[in-house]
Amino acid sequence: MYLHHNSYSPMHRFRKLSIVFSAFAGAFFGEGAFFGEIALNIACGPEPDPYDYYVSYFHNNVAGDGYAPFSFTDLRFLYDEEEPGSESRINSAEWAEYLGEAVRPADVHAAMYRTDAATDSAIRAFLETQAAPLPDSLSENTYLQALARNKNARALYLFAKTAEPHALAAHAGYDHYWNPEPRDTASMNVLAAQAEALARQHRKAPFLRMRYAYQAARMYHYAGDYANCVRIYDRWIDEVPATTALKGWALMLKAGALRRLGEPAEAAYLFANVFSSNPERRVQAYKNIHYIDVPVEEILAHAQSDNERATIHAALGFRNADLDTATLKTVYRLAPGSPLVATLLVREVNKLESRLTEQSPYYQGRWGGWGFYDGSTPASAAQAHARAIIGFCRQLSADAAYPQPALGTVAEAYLHWLLHEDTEAVALLGGLAPGTLSPRLADQYRTVDLLVRARALETSQPADVARLTETLNWLDAKRSEELREAMERAGDEPGYAFWAQKDLRFTRTATNFYQSLLAPHFMASGDTALAAMAMLKADIPSPGHAGSAGKSLLSRISWSAATFWQEQLPPTALEQLGRWATEGMDSPWAPLFGSLLGDLTGDDYWDLLGTAYLRTHAYGAASRAFAKLSPQFQRESPVDWYGGEEQPLYPDPFITAINDYPKRFGGTPLTKAGFAKAMADLQRRIAEDPGNAASYYFQLANGVYQTGAFGNAWQLISYHWTSTHNYIRGNYYYAGDYHDARQAAAWYEKARELSKDPEFRAKCTFMLAKCEQKRYSYPSLKAYYDGGFSYGNRPDPFWLFSQRNRYFGELETHYGNTAFFQAAVRECTYLADFINRP
């Protein structure tokens, strides 16, 4: 397997690393869209995006953020590792409320959580002597000034800072079990005893008592004295009303201690309570529940209420990536008003998106997609599950026990859209008043409404295009807003950190709409240039987006858009795009797309245009396009990753080889312009020197054959390569050459027809046999691996196809006495098997 390469910057590749075109090409505008399944080189391509590996239009935070980390993704243990609440912010707010005196929570946070060791020492000196100065950044800090006036609060702060290093060191030991540093258990036990004594001293001051007790429990826990940790909780913390987040943090310590004391079911039950009560520890509690791994019945035996039982079922159900109606119904029966209901419902909708996308009769394949769904859920099962969830949605809406019963109606409408039942979806949406919905549910309503109405549009009509543009302007505004917020959170210059992908829901919706719906529609109607514009519109609108001066075409667009431009645009489409770039769009789509092209006079454009002409064998036109390239333009050569020194792989398209593998590469570079000139010269010589036309046709055929996926010069017409391209057909307009060697076969046939030399005719016939072999392709990557490698006692289907090769029969019958035939039998195992058949 060799490197597939691109010339554009990798920093532009992160968007849409997984799926681009999707299932609903046919479902959206009717059957007939062109996309078939395309396999990528998973070893060499970009890594899949766990938030975007299937097309989704139903946002997983529609019911709130409290349980967003447990949204559906089949590529991670959790959708998000970040806690939905901030422990530091919560603790800062509790301190500020306790101290009063106009103490600002932000000042508590700055002094407690945003200082280094030197600043902590300065703060300690200030609080202990009240003579040492504070750093300028903290001189007006309301929290520190309040501590200086409050003896008890000051003592608690100083004690917590003394204990903190022991807790941090112990926690590092938990995270890194190979850590050789021994814990200072003696000091921790001393601190725990002191903290318990102080809790007793302040038994009538709940704030101080709770925090000293928490420090005692924490020190005992990290010292390994789990029995005393449990005792501290039961004696000093359990009876305190749950008005402070620290009670949940302390309960985490007790749960962990019980686990180590041999009470895993009770520990899991307590972790489930924290999972419910403390958003700032929800992810941590969830992980611990699953680390313990005890039967659900044992955990439920400790539950005291239906709400607790619902939490236990939900926490365990969030791990289930399979279709799951039981958990949803159980949690709804136990706690119909719980936000867990909405999270579980949306999970099932998202699961159905991932299944119905590829199982739908309207599915047209993934363009540049990963296709991680393995088809383990039959289409009938996915559709039956959709019906079951529709039934649940109706119950949710009718009961009105959940705070937002309209969620059921919106979800049901979307499921009908997934099932291509638009009449039902329209009726459901028509019964809702968007102004009465929560903001997120209203946005989801509008998204589903966009999908339903868009499917009915005649997108070639200016009036319909104008209506669609108006709606898409709303979506673009939502996308821009969330991107701006992501940039503000990142605090970075232009560009978007990968970590922000989980929050870019409207961005994914817009990308999916343009790339998965509009672009396939344009392709189905034969308007490839507009499809290219839709691909550009799907990109993240960033300061480095299309139109930026000084940036090449492929470096300013996403991986998926660049791949589309490289693989799907024939010369006519590229010429049209060039005219639009210079003259403006003469299309009703101009308001939506007109500003995207920018300048198309750069090297990337001329390289794309010249390559497209190579693919259509218009070698003179290709030469004219390549002549526009700047002198410094140089396309990166692929390299052999497995050769040790990553040597460049230069094309050598005019050789004749009996076996395609190992590939015989050239010793010197050959540019696309050089190849175009050589092929044009051969075509000219056919007319000028007809006596040697057979030889020229043979060389032309070699040139086309070697630029196929199976040849040594694929990089002259393709921007990507993977070994699976030999057996799995991509949906390219030049697939007839790249996969099937059809033009090569025509020219080999012409060469054979013009020659009377048996040796030459034998060579032509053998090459025709090789071209014939290329007609076989596996239907999918899965079928390739199942059929090509894991067939067990069954014959390899490609081998069976080869044994029916009509040209092998011609070789044996007509050219069996030639030296070439004898050499071919020795080297080609397929031909040898054919000759030696029983």
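Guide: Axes here are lines fitted to C-alpha atoms, for helices over the stretch in contact, and angles run from 0 to 180 degrees between N-to-C directions. The model is predicted. Two packed helices are described by the angle between their axes and the distance between the axes.

Take helix H22 (residues 505-524) and helix H23 (residues 528-538). Their axes come within 8 Å and cross at roughly 180°. Angles over 145 degrees count as roughly antiparallel, so H22 is roughly antiparallel to H23. From H22, the contact uses Thr-511, Tyr-514, Gln-515, Leu-518, Ala-519, Phe-522 and Met-523. H23 supplies Thr-528, Leu-530, Ala-531, Ala-534, Met-535, Lys-537 and Ala-538. By class, the contact residues are ten nonpolar, three polar and one charged.

Now the aromatic rings. The structure holds 47 aromatic pairs. In one of them, Phe-698 and Phe-760 have ring centres 5.3 Å apart and planes at 55°, so the pair is tilted. Phe-698 sits in helix H30 (residues 693-706) and Phe-760 in helix H33 (residues 758-773). The two are 62 residues apart, and the pair links distant parts of the chain. Both Phe-698 and Phe-760 are buried.

Phe-766 and Phe-820 form an edge-to-face pair, with 5.7 Å centre to centre and 65° between the planes. Phe-766 lies in helix H33 and Phe-820 in helix H37 (residues 819-827), so this pair ties together parts 54 residues apart in sequence. Phe-766 and Phe-820 are both buried.

Elsewhere, ring pairs join Tyr-67, Phe-70, Phe-77, Phe-275, Tyr-286 and Phe-318 into a cluster. Phe-275 also has Arg-282 over its face, at 5.9 Å from the ring centre. Likewise, Arg-235 lies over the face of Trp-236, at 3.9 Å from the ring centre.

Last, the backbone. Most residues other than glycine have a negative phi, and most peptide bonds are trans. Ala-102 has a positive phi, near 60°. Ala-102 lies in the loop between helix H2 (87-99) and helix H3 (105-113). Its relative accessibility is 67%, so Ala-102 counts as exposed. His-617 also has a positive phi, near 65°. His-617 is placed in the loop between helix H27 (603-615) and H28. At 19% relative accessibility, His-617 counts as buried, because buried means under 20%. A cis peptide bond joins Tyr-661 and Pro-662, with omega about -5°. Pro-662 is in the loop between helix H28 (619-626) and helix H29 (672-688).

Terms used: Residues are numbered from 1 along each chain as its sequence is written. This is a predicted model: local features need pLDDT of at least 70, side-chain atom pairs count only at pLDDT 80 or more; totals for chains, interfaces and linings use all residues. Side-chain values use heavy atoms; hydrogens and water are left out. Helices (H or I, at least four residues) and strands (E, at least two) are DSSP runs, numbered from the N terminus. Angles under 35 degrees count as roughly parallel, over 145 as roughly antiparallel, 65 to 115 as roughly perpendicular and the rest as oblique. Contact means heavy atoms within 4.5 Å. Ala, Val, Leu, Ile, Met, Phe, Trp, Tyr, Cys and Pro count as nonpolar, Asp, Glu, Lys and Arg as charged, and the others, Gly among them, as polar. Buried means under 20% relative accessible area, exposed over 50%, partly exposed in between (1.4 Å probe, protein chains only). Rings of Phe, Tyr and Trp (its six-membered ring) pair if their centres lie within 6.5 Å; planes under 30 degrees apart count as stacked, over 60 as edge-to-face and the rest as tilted. A charge sits over a ring if NZ of Lys or CZ of Arg is within 6 Å of the ring centre and within 35 degrees of the ring normal.
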